[in-house]
Amino acid sequence: MTKQRLNLGVIGAGMIGKVHARNLAFYIPTANLLMIADINEQAARETAEHCHIPKAVKDYHEILANPEIDAVVICSSSNTHAQIIGEAAEAGKHIFCEKPIDYSLKKIDQALSLVEKHGVKLQIGFNRRFDPDFARVRWAVASGEIGEPHLLHIISRDPEPPTPEYVKTSGGIFMDMTIHDFDMARYLIGKEVVEIYAAGGVRIDPEIGKAGDLDTALILLKFEDGTLGTIDNSEKADVWI
Ligand SMILES: NC(=O)c1ccc[n+]([C@@H]2O[C@H](COP(=O)([O-])OP(=O)(O)OC[C@H]3O[C@@H](n4cnc5c(N)ncnc54)[C@H](O)[C@@H]3O)[C@@H](O)[C@H]2O)c1
């Protein structure tokens, strides 16, 4: 018999962890959010209170050890994802994990092989694929409505650069921000990228540069079928209201 509701635990109660906790608690009737964990226990407790989650803990291993939990939603800092994916797979939990899996291909492969070995489901948080506007563009390409694409242009902005503190674990602009555009490029064209060139700069916040990251970038892509693409990134989009 198919279960009516999925018992879930959220790991990480920061900005995006709160978004997922709220969605799971209030908008998805088939989700049953039982636990939330954050090394910042107060953040876990506050989110638990706001979202009526029965248990808040500091150590995510308590979620993995709970036999009632079917699946975990990993929203902790990017440098923790590969480790937690591997441990969750070993604990037999299905996994939704925010992007990126890691910055090292070796660690990504290790995490994915544990997922495969333990036969659990894994989804990564590439949310744009589920946006009706992007899906319509993909349909226009896949159905042939616009003919054969020769050029792809993606212009992508964040409202403001991250804090230098966030940059310490984010993996940098390409792993943190452009990753969504890389996903869109592959999704929209439906082909793999075989060549890539990039240039980046610090044009917005010198503190980002001091933290070892970039805030502005241009990327050139060549797809396997010869389609060419550009991604134009800036971490600042002024809003005039
Ligand atoms: N898909 C998207 O559009 C999207 C948007 C924002 C963030 N993200 C991703 O979500 C992740 C979190 O981003 P954020 O903006 O919420 O960051 P954040 O800094 O606001 O929150 C991260 C939280 O993780 C907690 N944490 C760190 N290590 C932990 C551990 N070992 N166990 C439990 N909790 C731990 C921190 O205490 C913090 O509360 C990042 O990987 C980011 O790339 C994805």
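In this predicted model, the ligand is surrounded by 22 residues, and the closest are Ile16, Asp38, Ser78, Glu98 and Lys99. By class, this shell comprises eight nonpolar, ten polar and four charged residues. Two helices, H1 (15–26) and H8 (173–189), each contribute at least two residues to the shell.

For serine 78 the distance is 2.7 Å, and for lysine 99 it is 2.9 Å. In aspartate 176, an N or O atom of the side chain lies 3.3 Å from a ligand oxygen atom. The ligand taken alone exposes 850 Å², of which the protein buries 81%.

Where does the ligand lie? The space that the ligand takes is the largest pocket. Nearest the centre of this pocket, among its 46 lining residues, are Met15, Ile16, Cys75, Ser76 and Tyr166. Elements that give two or more residues to this lining include helix H4 (81–90), strand S6 (122–124) and helix H7 (164–170). Helix H1 supplies the largest share, five residues.

In the second largest pocket, the residues nearest the centre are Phe126, Met175, Ile179, Phe182 and Arg186. Here the largest share of the lining, seven residues, comes from H8. Helix H5 (105–118) and strand S8 (193–201) each supply at least two residues as well.

| Pocket | Volume | Lining residues | Classes in the lining |
|---|---|---|---|
| Largest pocket | about 1200 Å³ | 46 residues | 20 nonpolar, 17 polar, nine charged |
| Second largest pocket | about 620 Å³ | 21 residues | 15 nonpolar, one polar, five charged |

Technical notes: Residues are numbered from 1 along each chain as its sequence is written. This is a predicted model: local features need pLDDT of at least 70, side-chain atom pairs count only at pLDDT 80 or more; totals for chains, interfaces and linings use all residues. Side-chain values use heavy atoms; hydrogens and water are left out. A residue is near a molecule or strand if one of its heavy atoms lies within 4 Å of it. A polar contact is a pair of N or O atoms within 3.5 Å; within protein, one must be able to donate a hydrogen and the other to accept it, and residues adjacent in sequence count only if both atoms are side-chain atoms. Accessible areas come from the Shrake-Rupley method with a 1.4 Å probe; for residues, only the protein chains shown count as cover. On a 1 Å grid over the protein atoms alone, a cavity is a set of points where a 1.4 Å probe fits but cannot get out, and a pocket is an open set with protein on both sides within 12 Å along at least five of seven lines; lining residues have an atom within 4 Å of a point. A molecule sits in a cavity or pocket if more than half of its atoms lie within 2 Å of its grid points. Helices (H or I, at least four residues) and strands (E, at least two) are DSSP runs, numbered from the N terminus. Ala, Val, Leu, Ile, Met, Phe, Trp, Tyr, Cys and Pro count as nonpolar, Asp, Glu, Lys and Arg as charged, and the others, Gly among them, as polar. Grid points are joined across faces, edges and corners, and a volume is the space filled by probe spheres set on the points.
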